[in-house]
Amino acid sequence: LDVRLKINEDADSDSLDSGAGKFRYRCPAVTGVSYSQPPTVCVEGRCEPGPTGQKVTIYGNNFGNNIANISVGLLSPKTTEDQLRNSDYILWDLLDLEFHPDTPNQPNANGLYTLRGGIPVGYARDRLVVVQVGNQDNLMMCDLPVDVDELLNTPGKFTQMMFSYTKPDILSTTKAPTEGGRITVYGKNFGPLGTEGVSK
């Protein structure tokens with residue numbers, strides 16, 4: 001944003017002429033991601049349908065004060081390195097986003113603000129959480145962007161802003177005759193069939 005300083009209306013120039021009169025809001029920062037996987041009831045290798053509608057909580061700063069200006073998504077594995085460097089992300093948007101839903105007093109005792117939203121259908125571990133506020137985000141669209149090489153080579157340094165989907169777990173299978181046939185695989189955390197990333 002331009003900050004304009006002019007001595008009086010008759011002055012021939014002002015601070016915009018120098019190019020030095022610039023102001024920028026601080027970029028959103030994600031300092032933690034919290035999610036508790038609800039239990040799945042399984043008996044003798046057979047599980048009830050998994051729970052749905054779970055939510056993830058994101059902690060950080062500089063989210064602004066208007067939820068209409070905030071969007072949050074998980075970085076899809078389809079996002080290439082070039083797309084990441086160019087801020088051309090492929091995101092899975094969080095559902096029904098809420099801004100500081102737990103208490104009207106923000107920030108909390110640790111000086112952090114909170115966002116919470118429904119987890120979208122997805123897959124893979126270590127999905128970066130991208131918080132966009134206006135035309136800035138916590139990754140690349142910022143005056144101090146994330147070091148992409150460091151992110152790719154040492155992702156463990158960025159776990160505070162990552163979310164991982166629970167891995168699938170096979171508990172049992174039926175048998176098929178030697179000439180072939182269909183089997184049934186029982187387990188949990190398979191995700192909905194027909195969804196990208198869910199193999200047969």
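Which residues form one aromatic cluster?

1. In this predicted model, the cluster consists of Y35, W92, Y123, F163 and Y165. The count of aromatic pairs in the structure comes to four.

2. One of these pairs is Y35 with F163, in an edge-to-face arrangement with 5.4 Å between centres and 70° between the planes. The pair joins distant parts of the chain, 128 residues apart. Y35 sits in the loop between β1 (29-34) and β2 (42-43), and F163 belongs to strand β11 (residues 162-163). Y35 has a relative accessible area of 24% and is therefore partly exposed. F163, at 4%, is buried.

3. W92 and Y123 make up an aromatic pair of the tilted kind, again described by centre distance and plane angle: 5.4 Å and 55°. W92 is part of strand β6 (residues 91-93), while Y123 is in the loop between β8 (113-118) and β9 (127-133), so this contact ties together parts 31 residues apart in sequence. W92 has a relative accessible area of 14% and counts as buried, because the limit for that class is under 20%. Y123, with 23% relative accessibility, is partly exposed.

4. I170, I183, V185 and F190 make a nonpolar surface patch of about 350 Å². Of its members, V185 is located in strand β13 (residues 185-188). The relative accessibility of V185 is 38%, so this residue is classed as partly exposed.

How values were computed. Residues numbered from 1 in each chain as written. Predicted model: local features only at pLDDT ≥ 70, side-chain atom pairs only at ≥ 80, totals over all residues. Heavy atoms only, no water. Patch = residues over 30% accessible without salt bridge, like charges linked within 9 Å, V, L, I, M, F, W, Y side chains within 5 Å. Areas by Shrake-Rupley, 256 points an atom, 1.4 Å probe, with all protein chains shown as cover. Salt bridge = Lys/Arg side-chain N within 4 Å of Asp/Glu carboxyl O. Helix = DSSP H or I, 4+ residues; strand = E, 2+ residues; numbered from the N terminus. Buried < 20%, exposed > 50% of the residue type's maximum accessible area, 1.4 Å probe, protein only. Phe/Tyr/Trp six-rings, centres within 6.5 Å; stacked < 30°, edge-to-face > 60°.
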